Amino acid sequence: MTTYALIGAIESEFNDTNVNTGLCESCKRRLESEAIECFTAWRKNAGELKDIPIYAVCPTKNVISDITKEKFKELNVTYIEDYQKISETFTSGFLCIPLIGAMMEEQLTEDVLIKIDLDMNIIKPLPNKWLTSDPIIIGQYDDYCTKHQREGIAEENPFDTGFIISKRDSGFYKHFFDMCMKYMLSDDPDWLRVKAQTGDYYLEEWVVDRMYAMNSFDIKPVQKYQIGEWYTPVKELTDDELDDVYFWHEHLEYDPEYNRMQEKIDFARRLNGK
């Protein structure tokens, strides 16, 4: 019988690598509070997978509070505080994603790793076709997101590393992390073109784009699997597309240009057929 685990990278409230490196001073995150909401939603809405092991991994010195540790215990979330010295070299906090993935490939015993970002709250069970997929499932920005987030940066729809389903023995995250370390300080002209516009903010997603182009792994992109802040508005989705949405994406400190209340109203009306 196939076994599953949910994994996620975490750092402390308002104190994370993106802020400390100056990469994204304007996007301070309440990561601990978001994690509690994320894991609470999983325990409630993930269907047959709602009780699978959940591992929240902190590989940096930006550890979480005792209060959050206690809340994790209530949610039966295993918190792993495993400082990795290499994290001190990171130019982006998002590099914690491939790092903790590689750690979990080595340390866990579950067959399949489901990785989500802490700002993703599941709203209904994931489809079996993703959970049993031989190719690695990775999120991909759709045309709307590419236009509004990456216009002038990405020539094609880039990957979104917020959502990944992979077999633990695939070695995906080890290769992913090694590639990130290779390109972090490289003079590759394609990467330097992106870096000149955004710094290292999109490094790990650009690396997945490169891995996909190189056919390093059998990867199946999935689009429009979540709605909310920074993603395609509900009004832009067809009924069939809305049926295939599984997550609500939102930061607790959300972008003031994002009309949070209107998006929730639009979503509720569509669900009710109005």
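**A sheet and its surroundings**

A: In strand β10, the bridge partner of I122 is F247. Before going on, a word on the source: this is a predicted model, in which local features need pLDDT of at least 70 and side-chain atom pairs count only at pLDDT 80 or more, while totals for chains, interfaces and linings use all residues. Residues are numbered from 1 along each chain as its sequence is written, and side-chain values use heavy atoms, with hydrogens and water left out.

Back to that pair of residues. Strand β10 covers residues 247–249 and runs antiparallel to β5, joined to β5 by 3 bridges. Strands here are DSSP runs of E with at least two residues, helices are runs of H or I with at least four, and both are numbered from the N terminus. Two strands count as paired if DSSP finds at least two bridges between them. The sheet is an open one of 3 strands, in the order β5-β10-β9, and its pairing is mixed. At the edges are β5 (120–122) and β9 (226–228), each pairing on one side only. From one strand to the next, the twist averages 30°. Helix α2 (residues 31–45) packs on this sheet, touching β5 and β10, and its direction makes about 15° with that of β5. Contact here means heavy atoms within 4.5 Å; axes are lines fitted to C-alpha atoms, for helices over the stretch in contact, and angles run from 0 to 180 degrees between N-to-C directions.

K264 forms a salt bridge with E250, and their closest N and O atoms are 3.8 Å apart. Because K264 lies in helix α11 (residues 260–271) and E250 in the loop between β10 and α11, the pair ties together parts that are 14 residues apart in sequence. The rule for a salt bridge is a side-chain nitrogen of Lys or Arg within 4 Å of a carboxyl oxygen of Asp or Glu, and by this rule the count comes to 18. E250 is buried, at a relative accessible area of 10%, whereas K264 is partly exposed at 33%. Buried means under 20% relative accessible area, exposed means over 50% and partly exposed lies in between, using a 1.4 Å probe and protein chains only. Salt bridges also link R29, E34 and D119 in a network.

K69 forms one with E81, with the closest N and O atoms 3.6 Å apart. K69 lies in helix α3 (residues 66–74) and E81 in strand β3 (residues 77–81), so this pair ties together parts that are 12 residues apart in sequence. K69 is partly exposed at 25%, and E81 is also partly exposed, at 42%. The other joins E70 to K73, at 3.4 Å between the closest N and O atoms; both residues lie in α3, 3 residues apart, about one turn of the helix. E70 is partly exposed at 43%, while K73 is exposed at 59%.

Now for another set of strands. Strand β4 (residues 112–116) has 5 of its 5 residues buried, so it is largely enclosed by the rest of the structure. V112, I114 and I116 point one way from β4, and L113 and K115 point the other way. In a regular strand the side chains alternate between the two faces of the sheet. Strand β1 (residues 4–9) pairs with β4 in the parallel sense over 4 bridges, with Y4 as the partner of V112. Strand β7 (residues 159–167) pairs with β4 in the antiparallel sense over 5 bridges, where L113 stands opposite S166.

Between β7 and α7 comes a loop that holds S170, a partly exposed residue at 28%. Leaving aside neighbours within four places in sequence, S170 is in contact with E105, I136 and F217. Helix α7 (residues 172–184) has 13 residues and should span 18 Å at 1.5 Å a residue, which agrees with its end C-alpha atoms being 18 Å apart; the expected span is 1.5 Å times one less than the number of residues. Among the buried residues of α7 are F172, F176, M179 and Y183. Seen down the axis, the buried residues of α7 fall within an arc of 160°, so they line one face of the helix; the arc is taken from the directions between the helix axis and the C-beta atoms.
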